[in-house]
Amino acid sequence: MIFIETNLKGAFIIELDRKTDERGFFARAFCQHEFRDHDLRPVIAQANIASNIRKGTLRGMHFQYPPAAESKLVRCTRGAILDIIVDLRPESATYLEHISVELNEDNMRALYVPERFAHGYQALRDNTDTSYQVGEFYTPQAEGGLRHDDPRLGLNWPLPVSVISSKDRAFHLLHEVEDEVKRKMSLTALAA
């Protein structure tokens with residue numbers, strides 16, 4: 001695997017190191033040793049898939065609070081998505097900064113999302129599927145989210161939103177929950 005660190009410390013784009021022959025190619029998509037070598041959490045507690053029927057479908061911006069904060073390894077297996085992550089670590093020099101990465105069936109790249117980041121994506125094509133391995137078990141009481149259209153976050157989605165869940169639409173704007181987010185995402189909360 002080829003690890004490319006983004007400007008958000010701990011967040012990586014992971015390219016496949018393809019071994020090609022007359023059959024096609026072979027590539028490793030996950031390795032605990034290689035993840036550990038890059039100081040990434042090499043634990044997979046759950047593996048999830050999502051199917052998005054219509055382009056423009058938006059999922060996000062999701063996260064879980066410590067001690068159930070999730071790391072994620074996200075890949076688009078069919079179609080294409082624009083994946084966006086936001087740094088919610090209050091002590092980070094890049095607090096509230098974000099990156100956008102196109103993941104699609106052709107580039108087969110993955111995005112490693114560290115713990116204490118918000119994550120969301122938009123399907124860029126009809127019938128788009130994603131797969132993600134998650135480093136912590138889903139814990140409903142630790143669940144949080146932010147609005148995908150929060151002007152303070154400044155996220156640029158390439159398409160009009162065609163489908164979004166009522167739950168995702170109901171997330172609060174950052175200014176309404178920032179004190180709680182900072183308190184619960186702090187290093188002190190991690191140590192608790």
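Is Lys-182 buried, partly exposed or exposed, judged by relative accessibility? At 36% relative accessibility, Lys-182 counts as partly exposed (buried is under 20% relative accessible area, exposed over 50%, partly exposed in between, using a 1.4 Å probe and protein chains only).

A quick note before the views: this is a predicted model, where local features need pLDDT of at least 70 and side-chain atom pairs count only at pLDDT 80 or more, while totals for chains, interfaces and linings use all residues. Residues are numbered from 1 along each chain as its sequence is written, and side-chain values use heavy atoms, with hydrogens and water left out.

View 1. H3 covers residues 174-185 (helices, H or I, are DSSP runs of at least four residues and strands, E, of at least two, numbered from the N terminus). Its buried residues are Leu-174, Val-177, Glu-178, Val-181 and Met-185. They sit on the same side of H3, because they cover an arc of only 145° around the axis (taken from the directions from the helix axis to the C-beta atoms). On the face turned away from that buried side you'll find the exposed residues Asp-179 and Arg-183.

View 2. Lys-182 pairs with Glu-178, with the closest N and O atoms 4.0 Å apart (a salt bridge is a side-chain nitrogen of Lys or Arg within 4 Å of a carboxyl oxygen of Asp or Glu). Both lie in H3, four residues apart, or about one turn of the helix.

**View 3. Arg-75, buried without a salt bridge.** Arg-75 lies in strand E7 (residues 72-78). Despite being buried, Arg-75 has no salt bridge, and the nearest side chain of opposite charge, Glu-15, is 7.8 Å away (Lys and Arg count as positive, Asp and Glu as negative; His and the chain ends are not counted). A polar atom of the Arg-75 side chain does lie 3.5 Å from the backbone oxygen of Ala-29.

**View 4. Arg-78 reaches Asp-129.** These two side chains meet in a salt bridge at 3.1 Å, N to O. The pair ties together distant parts of the chain, with Arg-78 in strand E7 and Asp-129 in strand E12 (residues 128-134), 51 residues apart. Arg-78 is partly exposed, at 38% relative accessible area.

**View 5. Glu-91 and Arg-116.** Here the closest N and O atoms of the salt bridge are 2.6 Å apart. Glu-91 is partly exposed at 40% relative accessibility, whereas Arg-116 is buried at 6% relative accessible area.

Conventions: Expected span 1.5 Å × (residues − 1). Polar contact = N/O pair within 3.5 Å; in protein donor to acceptor, adjacent residues only side chain to side chain.
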